[in-house]
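Welcome! Let's take a friendly walk through an interface and a few backbone details.

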Amino acid sequence: MRRTGVFICWCGSNIAATVDIDLAVAAAKKMPGVVFADQNKYTCSEIGQEMIREAIRTHRLERVVVAACSPRMHENTFRKTVAAAGLNPYFLEIANIREQCSWVHKDKETATDKAIALIRTAVAKAARNEALFASELPIERRALVIGGGIAGIQAALDIAENGFVVDLVEKEPSIGGRMAQLDKTFPTLDCSACILTPKMVEVAQSEKITIFSYAEVEKVEGYVGNFTVTVRSRARSVDMGKCTGCGDCMLKCPVKVDSEFDLGLIKRRAIYTPFPQAVPNKPAIDRENCRWFTAGKCRVCEKVCPAGAIDYSQEDELRTEKYGAIVVATGFDPKKLDNYGEYAYGKHPDVLTSLEFERLLNASGPTGGKILRPSNGRPPKNVAFIQCVGSRDKAKGNPYCAKVCCMYTAKHAILLCEKVPGARPFVFYIDVRTPGKDYEEFYNRAYEEFGATYIKGNVSKVFPDGEKLLVRSVDALSGALVELEVDMVVLANSVDARAGAKELAQKLSITTNAYNFFNEAHPKLRPVETHTAGIFLAGTCQGPKDIPETVAQASAAAVKVAALLGKDSLLSNPTVAEVNEKLCTGDMSCLAVCPYGAISEKMLEERRGRETVRRKVAEVNMALCQGCGACTVACRPGAINLKGFTNEQIMAEVEAICL
Amino acid sequence: MPVTREGFEPLIVAFCCNWCSYAGADLAGTSRQTYPSNVRVIRVPCSGRVNPGFIIRAFQRGADGVLVAGCHPGDCHYHSGNYHARRRFTILKQMLDYLGIEPERFQVRWISGSEGAKFSAVMNELTENVRKLGPNRKLRDAR
Amino acid sequence: MSTANGKIRSSAAEALAEGRVTLVLGWRKKDFWWQSPVAFVESAAEAEQLTFDPFSVYNPVKYLLEAAGCHEKVGVFVKGCDSRGINRLLQDKRLEREQVLIFGLPCSGMVDPVKIRAAFPAPKICEVARDGEELLVRLSDGQERVQTADFLLEKCLTCRHPNPVVYDRLLWERVPVRSGVDALRFARVSSVAQQQIQERYAYWTRQFSRCIRCFACRNTCPACNCRSCIFDQAEPRWLGKASDMSDTLNYQITRAFHVAGRCFECGECERICPAGIPLQELNRRLIMDIDKYFGPYEAGLAPGDLPPLGTYRGEDPAGFDES
Amino acid sequence: MKVTADKVNSSLVKEVEEISGQKVSACFQCGKCTGGCPVVSSMDIFPHLVLRFAQLGLLEELLHSKTLWICASCQTCDSRCPRDVDIPKVIEALRLLLLRRKGGNRLHPANLSDRVRADAPQQGLVSAFRKYAK
């Protein structure tokens with residue numbers, strides 16, 4: 001039996017009014033192993049803590065039970081107290097006789113009985129407590145940012161600003177992301193490129209940041225402070241060292257394909273940069289379309305390149321690096337409209353998505369910034385903007401609100417009026433949502449100043465009618481049916497998670513919600529962390545949001561990264577799983593239920609008689625294990641145990657609590 | 001059973017996960033949502049940590065009702081512990097029922113850290129139901 | 001001599017003679033007509049002892065745990081049910097596929113000696129042999145022919161996989177699955193489940209009251225393949241030593257739970273139980289619940305799968321009040 | 001027309017939901033149903049307003065509306081509704097409410113002779129109740 005001391009707290013009258021403390025102390029003195037029991041008005045006070053330290057010394061206590069408020073309140077306080085007196089902090093147990101006893105029961109007799117039972121339970125557990133030690137883990141002072149949109153750019157810049165080295169991985173040949181595709185930004189109508197490109201250049205010029213464009217994360221291993229990540233850089237077929245970015249190759253390349261950046265509204269070449277301000281401003285050859293790679297002839301780019309930078313023999317490059325922290329900033333995809341035949345998208349050239357319309361507005365876009373109907377190249381007069389296409393639609397789209405459409409549509413309406421004199425925007429909405437600084441005012445301007453007509457009514461169908469488009473709806477407010485002839489329809493299609501988000505989540509062992517947006521660790525209090533320590537989120541990969549929110553989250557993630565990388569070492573949580581190799585069968589049932597990939601197979605060599613035999617057993621990576629204990633139940637022989645909540649401890653608690 | 005149930009006070013053992021249900025129990029305390037003192041809580045990190053063996057042992061040693069309380073599905077602090085618990089205890093509960101042991105004595109509930117009122121309501125309900133069932137004699141050992 | 005015996009003997013002898021295996025697990029006839037226990041054959045000569053008759057019900061798979069440790073490669077004859085035991089061991093990583101040479105024996109069912117004895121109470125039974133669709137019962141005073149189907153074990157009447165699901169060689173033609181198997185499979189479980197709760201309790205405690213905790217059910221079960229069983233551990237003591245109903249229930253509940261989603265219905269637990277406790281009924285109840293709540297699943301078919309209690313789906317229903 | 005707490009809490013709304021199996025409260029009046037309805041021009045209460053009226057318990061107005069009898073149950077609205085509300089089912093439920101209400105059950109099971117009750121086919125009985133209930 002361990003020499004146990006019990007300290008029962010009055011908590012003023014909080015406990016003492018409902019629990020007979022004298023009786024409890026007397027009962028505690030009779031519990032197995034208890035050599036000292038006493039009471040205190042406020043055990044958490046300095047006097048109370050000193051009483052504990054003093055008793056540990058004079059009574060040579062080996063275990064300490066404090067019967068007081070919830071362990072969620074003061075467990076750490078009292079762990080420090082016992083540690084100060086030379087005991088292992090995990091020799092402390094708390095009996096929660098306030099929140100779970102005196103505060104919820106009225107009858108003093110039964111409450112006292114229960115308090116005694118809880119103390120008895122804590123004493124029984126404490127007797128089986130073992131010394132636990134947090135181990136120190138080194139930290140790799142380098143961060144990885146996945147995704148080179150505004151979120152990734154901001155996060156990378158802020159981490160670098162804090163003095164840490166950052167690798168920025170971008171799937172496309174250039175960083176910039178969705179924001180680079182936008183024309184102006186609400187509610188200030190700043191030009192998107194004007195505020196984004198300086199940041200892109202800053203990233204390129206930063207000594208701390210390395211851009212890996214045209215690259216993707218292949219494999220992630222390890223844990224907080226010690227991730228090992230393999231990045232695949234796709235063969236660009238252009239020697240980045242030699243290329244000067246003159247662009248001659250792009251002018252001469254004979255192959256034209258739909259530009260992804262301009263959503264197919266114009267063509268790009270097979271050797272290309274996505275857009276003129278690309279960073280790095282060096283092209284890549286799209287091998288799927290390049291004539292040399294598809295037909296085995298051409299090599300025009302090689303001939304015209306003055307720097308001799310074209311290299312058709314390049315291969316994908318795999319690079320493995322260690323990182324202390326990872327920021328995921330992979331952005332979103334605009335919703336595909338396959339389910340929405342009623343809007344005639346794809347059936348009539350003048351039905352556009354918002355992002356396509358955005359490209360029409362943009363000075364470097366396909367029309368040089370003029371709003372022209374794709375069908376006839378003439379400016380439209382009446383334009384219908386349809387909101388919530390695939391959003392707030394649990395039947396065949398996303399049940400959630402895409403958050404940005406109300407505001408960018410107000411912007412589109414304003415820009416339409418500015419660019420096309422006499423044009424008239426009609427906005428079909430379900431609700432207009434404009435929470436945000438200066439947002440409501442901006443929306444107000446769209447109809448007050450610019451004369452946009454807002455109609456509360458989801459468009460039921462768009463009928464192509466010769467040159468025109470007929471839009472059928474109802475104005476739900478007046479009850480009037482709406483039949484509108486327009487020249488252009490703009491669909492505010494919903495925000496989807498990136499295709500491939502699920503796969504990336506699996507690589508990173510982070511979770512996603514039902515719509516493949518990455519889950520934050522807590523929706524309110526840990527909005528940029530994930531459940532996997534050391535991995536943080538920024539931007540729309542976590543859920544729809546606008547640019548200011550994205551940037552704020554990116555900076556927040558960067559601070560979290562900097563705080564992590566700034567530490568000398570990490571202290572691991574000592575209440576982790578532990579394998580008793582003697583009992584372990586090696587069937588790895590534990591591995592199957594471990595959410596952290598903390599369990600692996602290990603080959604054990606042991607002597608059996610004169611022979612050495614090898615057998616498989618489970619092994620726990622203490623840095624990865626978070627201490628949930630799911631493995632302990634999956635393990636039929638009870639070979640894997642959870643320190644701090646061992647089978648022995650919980651069984652002892654059960655036995656004691658039922659007495 | 002012909003036992004007089006007058007004055008029978010059941011013992012309820014509740015395994016509460018540290019992150020949701022134990023916090024819910026604490027919240028019941030801070031907001032003074034009373035429930036019978038028959039309920040005694042054992043803190044575990046996660047509902048996925050609760051071994052069916054603990055539950056049987058509680059019944060053996062005289063618990064008249066056992067509750068496992070965890071985070072709501074989707075809210076597990078450890079991603080998936082409560083999902084595993086849900087499978088395990090679905091099986092266990094059906095088995096107890098099949099063996100003729102009143103399934104009402106064994107309950108699994110999802111109680112979040114913000115559901116202090118729910119915690120106390122569940123405890124009231126459980127105590128009342130078990131009180132009606134009378135003492136657990138079927139799994140209890142001889143001691 | 002039946003061609004079946006000829007085939008298994010020559011297959012075993014050949015594999016042993018060629019040195020492809022150093023041990024073969026099969027069955028041989030023991031002292032009584034109703035006994036064909038597992039045989040361990042280490043030479044081609046010994047292979048002549050092997051027999052496959054209506055009483056080769058014993059599942060040899062559990063012996064592979066030991067055998068595979070001492071021999072580089074072991075030959076094993078398996079019926080449909082036994083073969084699922086191989087997958088059980090593979091899934092549990094207790095065996096590597098290369099360690100065994102599997103001879104698959106499509107099986108049209110094993111005979112229940114109890115039923116034979118009931119049909120022939122008076123005269124001494126000397127031998128029961130299969131003859132086509134019929135059984136030839138040699139008695140001390142003559143012989144009789146009966147329909148095999150009337151004398152099959154309950155587990156064989158409800159068998160969904162009479163043909164081995166994993167093997168290196170199949171020794172003869174596949175046999176058809178018996179018709180009406182699905183309806184019968186859970187018949188016993190359902191009839192108990194329909195009783196009132198007190199009747200169920202009375203039924204099961206009556207059954208379990210005979211349990212002497214000999215652990216034979218555990219020892220024979222290929223799914224109970226832990227190196228060290230929690231029932232044998234002292235700290236914490238998961239199972240008390242007292243022979244009372246409380247600890248018997250504790251044992252039986254825990255045993256059933258440990259094979260939940262892993263039991264492949266070979267029925268060895270029930271066959272071997274000296275007290276005749278219908279353990280397979282409890283196992284089947286768990287299979288029924290797993291099918292109902294987590295989707296149809298049969299253990300021992302795909303060793304690469306995670307068993308139902310090793311995985312989950314977010315949208316799983318709960319078998320309790322989730323409110 | 002007036003919205004009152006009594007009307008909003010009316011058990012009839014629950015009845016409509018029960019009969020139709022649809023959640024009336026799910027509708028947020030986007031009007032997509034009305035916009036696409038091929039017979040809307042003959043309706044006095046538009047489809048999206050049928051749902052709104054039901055949400056507010058304005059059932060008397062609905063039960064007296066032409067809309068119930070104009071709706072052709074073509075399901076155009078249902079196929080586009082982002083809230084997954086089967087509006088024709090709701091309208092059918094309103095019709096049923098009206099049908100069931102008219103005159104009460106003239107034929108009550110209790111009034112049937114034992115012989116009829118024992119021998120008459122189930123389906124025949126049910127359709128008889130319906131017929132006479134109108």
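## Where chains A and D meet

In this predicted model, 21 residues of chain A are in contact with 19 residues of chain D. Together the two chains bury about 1,600 Å², with 56% of it on carbon and sulfur atoms. On the chain A side, the residues that lose the most area to chain D are A:Lys394, A:Ser460 and A:Leu481, which together make up 28% of what that side buries.

## Polar links across the interface

The count between chain A and chain D is one salt bridge: the side chains of A:Glu342 and D:Lys32 meet there, at 2.8 Å from N to O. Eight residue pairs are in polar contact between these chains. Strand E25 of chain A (residues 468–475) gives the largest share of the side that touches chain D, with three residues. By type, that side of chain A divides into eight nonpolar, five polar and eight charged residues.

## Cis peptide bonds

Two cis bonds to proline are worth a look when you check the backbone. One runs from A:Phe186 to A:Pro187, with omega near -5°; A:Pro187 sits in the loop between strands E8 (184–185) and E9 (190–191) of chain A. Another joins C:Glu235 and C:Pro236, with omega about -5°, and C:Pro236 lies in the loop between helices H9 (216–220) and H10 (245–258) of chain C.

## Positive phi without glycine

A:Tyr214 is not a glycine, yet its phi is positive, about 60°. This residue is in the loop between strands E10 (209–212) and E11 (215–223) of chain A, and it counts as buried because its relative accessibility is 5%.

A:Arg392, also not a glycine, has a positive phi of about 50°. Its loop runs between strand E21 (382–389) and helix H13 (405–419) of chain A. Is A:Arg392 buried or exposed? With a relative accessible area of 8%, A:Arg392 is buried.

How values were computed. Residues numbered from 1 in each chain as written. Chains lettered and ligands numbered in written order. Predicted model: local features only at pLDDT ≥ 70, side-chain atom pairs only at ≥ 80, totals over all residues. Heavy atoms only, no water. Contact = heavy atoms within 4.5 Å. Buried area = accessible area lost by both parts, 1.4 Å probe. Salt bridge = Lys/Arg side-chain N within 4 Å of Asp/Glu carboxyl O. Polar contact = N/O pair within 3.5 Å; in protein donor to acceptor, adjacent residues only side chain to side chain. Helix = DSSP H or I, 4+ residues; strand = E, 2+ residues; numbered from the N terminus. Nonpolar A, V, L, I, M, F, W, Y, C, P; charged D, E, K, R; others polar. Buried < 20%, exposed > 50% of the residue type's maximum accessible area, 1.4 Å probe, protein only.
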